[in-house]
Amino acid sequence: RWVHASRMVLDEAEESVASISTDYVERAAFARDQLARMRAPVTRRALVEAVWGVTWPHDRLVVAASRLIRELDRVAPGKRIRVHANRGLAGIDGTVATATGIALGSQRDAGRPGVTRVLLGDLALLHDVGSLLGGAGEAWPRLQLVVGNDHGGTIFDGLEVAGSADPALADRVLLTPQSVDLAALAAAYGWEHRLVTERGQLDGALTPSADRVLVEVALSR
C-alpha cells in the first residue's frame with residue numbers, strides 16, 4: 001500500500017509536467033523557470049530527493065542522525081532499497097565506519113556491485129573523520145559520502161531553548177559552528193572531493209565512481 005500510494009503521487013507530478021502547453025511563449029517561460037530552478041541553492045528536501053532518486057536496489061544507503069534523515073522520512077516514496085542508520089545514545093558517532101563496513105561486506109558478494117552512499121551532516125562527518133583513513137594495503141570499497149554542510153548542528157534550532165536562550169550562547173553550545181575546509185580534508189585523506197552549490201550540479205555530483213568520493217553540498221542554516 002505504501003509503494004502504491006507513493007507511485008500515485010509521482011504519477012500526478014509527471015502529468016503536470018506532461019501538460020505543458022505547446023505555445024512558444026509558454027514553453028520559453030517554462031524553460032526560464034527550469035533554468036532558475038537549476039541555478040537555485042540546494043535545499044534539504046532537494047538533496048534527500050536526489051539521493052533517494054539515484055539509489056537503486058543494488059546500492060546501499062546509510063543515513064546519519066541529522067536533520068537530513070528527518071527530511072528523508074517525510075518525503076521518500078516507496079522503493080525497494082536497503083537503508084541503514086545508527087541509533088542509540090551516540091547515534092551521530094561512527095557513521096563513516098559503519099558505512100565502510102557495510103560497503104566492504106556488500107562487495108564481497110559479486111551479485112551486489114553497486115555503491116554504498118552515505119547521507120550525513122557536517123558534524124556527523126567530523127565526529128568520525130578518522131574513519132576516512134584506510135589501512136595501508138587494504139582495498140577500499142565503492143563509497144560515496146554526501147555531506148549536507150550547513151556549518152553546524154542546525155537540527156537544534158528547532159528546540160524550545162533555541163527560541164529563549166541568548167543567540168550567541170545557543171550557537172556556541174547547541175549549533176557548535178564549524179568552518180572546516182572539507183576539500184582540504186578530503187585531499188588529506190585521499191578522497192575525491194565534489195562541491196555542489198546549485199541544484200543543477202547535484203545529479204552529476206552523485207554519479208558513482210570507483211574511487212572514494214566526498215560530495216559536499218552547501219546548505220543554508
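Q: Which cut-offs separate buried, partly exposed and exposed?
A: Buried means under 20% relative accessible area, exposed means over 50%, and partly exposed lies in between (1.4 Å probe, protein chains only). Take Pro208: at 40% relative accessibility, Pro208 counts as partly exposed. Leu143 has a relative accessible area of 1%, so Leu143 is buried.

Q: What kind of model is this, and how are residues numbered?
A: The model is predicted: local features need pLDDT of at least 70, side-chain atom pairs count only at pLDDT 80 or more, and totals for chains, interfaces and linings use all residues. Residues are numbered from 1 along each chain as its sequence is written, and side-chain values use heavy atoms, with hydrogens and water left out.

Q: How many helices and strands does the chain have?
A: Helices (H or I, at least four residues) and strands (E, at least two) are DSSP runs, numbered from the N terminus. Here they come to 10 helices and 6 strands. The chain has 221 residues, and buried residues make up 36% of them.

Q: What does contact mean, and what share of contacts joins residues 24 or more positions apart?
A: Contact means heavy atoms within 4.5 Å. Count the contacts with a separation of 6 or more: residues 24 or more positions apart account for 72% of them. Pro208 gives a case. Pro208 lies in the loop between helix H10 (202-205) and strand S6 (213-218). Leaving aside neighbours within four places in sequence, Pro208 is in contact with Val115, Arg117, Arg142 and Gln144. Pro208 and Val115 are 93 residues apart along the chain, yet their C-alpha atoms are separated by 6.6 Å.

Q: How do I read the length of helix H5?
A: The expected span of a helix is 1.5 Å times one less than its number of residues. Helix H5 (residues 95-107) has 13 residues. From first C-alpha to last, H5 reaches 18 Å, close to the 18 Å expected.

Q: Where do the buried residues of H5 lie around its axis?
A: The arc is that of the directions from the helix axis to the C-beta atoms. In H5 the buried residues are Thr95, Val96, Ala99, Thr100, Ile102, Ala103 and Ser106. They fall within an arc of 165°, so they line one face of the helix. Their cover includes strand S1 (60-63), strand S2 (82-84), strand S3 (116-121), helix H6 (122-127) and strand S4 (143-149).

Q: Which residues of H4 are buried, and which are exposed?
A: Leu68, Glu71, Leu72 and Val75 are buried. Seen down the axis of H4, they fall within an arc of 100°, so they line one face. Asp73 and Arg74, on the other side of H4, are exposed. The cover over the buried residues of H4 includes helix H3 (44-54), S1, S3 and S4.

Q: What does Leu68 touch?
A: Leu68 is found in helix H4 (residues 67-75). At 3% relative accessibility, Leu68 counts as buried. Not counting residues up to four places away in sequence, Leu68 touches several residues, including Arg44, Leu119, Gly121 and Gly148.

Q: Which way do the side chains of a strand point?
A: In a regular strand the side chains alternate between the two faces of the sheet. Now look at S4. Leu143, Leu145, Val147 and Asn149 point one way, while Gln144, Val146 and Gly148 point the other way. 7 of the 7 residues of S4 are buried, so S4 is largely enclosed by the rest of the structure.

Q: How do S3 and S4 run, parallel or antiparallel?
A: Two strands pair if DSSP finds at least two bridges between them. S3 and S4 run parallel, joined by 6 bridges. In S4, Val146 is the bridge partner of Leu119.

Q: How is a pair of aromatic rings described?
A: The distance of the centres and the angle of the planes describe it. Rings of Phe, Tyr and Trp (its six-membered ring) pair if their centres lie within 6.5 Å; planes under 30 degrees apart count as stacked, over 60 as edge-to-face and the rest as tilted. The count here comes to 1 aromatic pair. The rings of Trp140 and Trp191 have centres 5.7 Å apart and planes at 75°, so the pair is edge-to-face. Trp140 is in the loop between H6 and S4, and Trp191 is in the loop between helix H9 (182-189) and strand S5 (192-196).
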